[in-house]
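Please read these notes with the model open beside you.

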Amino acid sequence: MALVGTLSSAVFLGLVLLGVVRFRSDARQQLRAIPDDAHLPPVSVLKPVHGLEAQLKENIESFFRQDYPRYEILFAADEATDPALEVVREVCARYPQIPTRVLVTGALWPNPVVHSFHCMAEAAVHEILVTADSDVEVSSTYLREVATPLLDPQVGLVTCVYRGKNAAGFFSALTAIGMSVEMTAGVLVANLLEGMKFGLGPTIAVRKDSLAKIGGYPAIQDYISNDFAIGNLIAEAGYRVVLSGHIIDHVVNQKSFNRMWQNQLRWAQTTRYSRPKGHFGTGLIFSMPYGLFGLIAAGGLGHWGLGAMFLAIAVLNRLVEAWLAGWMVVRDPQGWRAPWLYPLRDVLGFVVWVASYMNLRYVWRDSRFELKGTRIALRQTSTDSR
């Protein structure tokens, strides 16, 4: 087992290297293709909000500081009493030159975020829709880079990889480094081997015509992994899905082990149902668990030197992957500041992967869902004792 896992993770590392080369080449081509202001299309930014998330004001404000000629920002909350709306209105008031609207949408669909997107899309003035989570922060070139590929009528959706930005300590750091390295590496390899056929939730840019081709947001109203679903459906409709070269910050605020665990389990379970074969194969791309298996197995046979070699190869593999994906692509400094963090995260990732085959319930927002395939089958309050 140790030998097979060590070899498979080494093969995956080689694919990550090729994926990095392709990503950097594509990113340079995308930058060269950005037109002057007169030819940039107007954009509607759609941002759902829910509660006082970490660095919410800074995240929202980054969207008002775009070097972009013409755009509007729409915000949506499930309830008028949502405390995030006070922050939204405060920021909006500081930037009166940017057209903004605030909607209260309720949660009428199984996936309330998708319902918010639907309501905002119906009210949006412009043809290009950029959906962005409230827990992301972007640079001033963000809209230029994500909107430009949609000038090509063959491109139906643009999405972005992201680096985790730790805002709460050790447990958040484990999630953040996983975003920067593990998530990025997986996306780069998928893009290399089969092209992008899915979206990534923190940012998805679409045109209204490609969205209409799949039936609009109602087509994904009960998918828990709505970002994967919209990208997959748009790809199936014959459009290209483009991975932008722009990197965004995904703010992570998980102060306890339980919050981190629930978050990781939700991601793993949605991936398991969205991409079952790919998720199963993920078990072979981890490195540290197989290094530890090798140490224990070889040591048990009296070959501690061989066991130490297995472990050393595993650690080296994860450090190289952290450098390739975490630094060469998303420029996350945590790989340098705390080099031990990603090998530890790799062990956690393997445990979460195993757990994803054991439990079908987790907490998301203030609700508890049960999955039936890729769909939301049950919604209950988080106080339910079951």
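Does Trp336 count as buried or exposed? At 53% relative accessibility, Trp336 counts as exposed; the cut-offs are under 20% relative accessible area for buried, over 50% for exposed and in between for partly exposed, with a 1.4 Å probe and protein chains only.

1. Basis. This is a predicted model, in which local features need pLDDT of at least 70, side-chain atom pairs count only at pLDDT 80 or more, and totals for chains, interfaces and linings use all residues. Residues are numbered from 1 along each chain as its sequence is written, and side-chain values use heavy atoms, with hydrogens and water left out.

2. Ring pairs. Rings of Phe, Tyr and Trp (its six-membered ring) pair if their centres lie within 6.5 Å; planes under 30 degrees apart are stacked, over 60 edge-to-face, and the rest tilted. The count by this rule is 16 aromatic pairs. One of them joins Tyr68 and Tyr71: the centres are 6.4 Å apart and the planes stand at 75 degrees, so the pair is edge-to-face. Both Tyr68 and Tyr71 are buried. Trp327 and Trp336 also form an edge-to-face pair, because their planes are at 80 degrees, with centres 6.2 Å apart. Trp327 is partly exposed, at 26% relative accessibility.

3. Cluster. Phe286, Tyr290, Phe293, Phe350, Trp353 and Tyr357 are linked into a cluster by ring pairs.

4. The sheet of 3 strands. Strands here are DSSP runs of E, at least two residues long, and helices are runs of H or I, at least four, numbered from the N terminus. Two strands pair if DSSP finds at least two bridges between them. An open sheet with mixed pairing has 3 strands in the order β5-β10-β7. Its edge strands, β5 (136–137) and β7 (162–166), each pair on one side only. β7 and β10 (residues 248–252) run parallel and are joined by 5 bridges. Across from Arg163 stands Asp249 in β10.

5. The sheet of 7 strands. This open sheet, also with mixed pairing, has the order β3-β2-β1-β4-β8-β6-β9. β3 (100–104) and β9 (240–243) are at the edges with a single partner strand each, so one side of each has no neighbour in the sheet. Strand β2 (residues 71–77) runs parallel to β3, and 5 bridges join the two. Leu74 is opposite Arg101 in β3.
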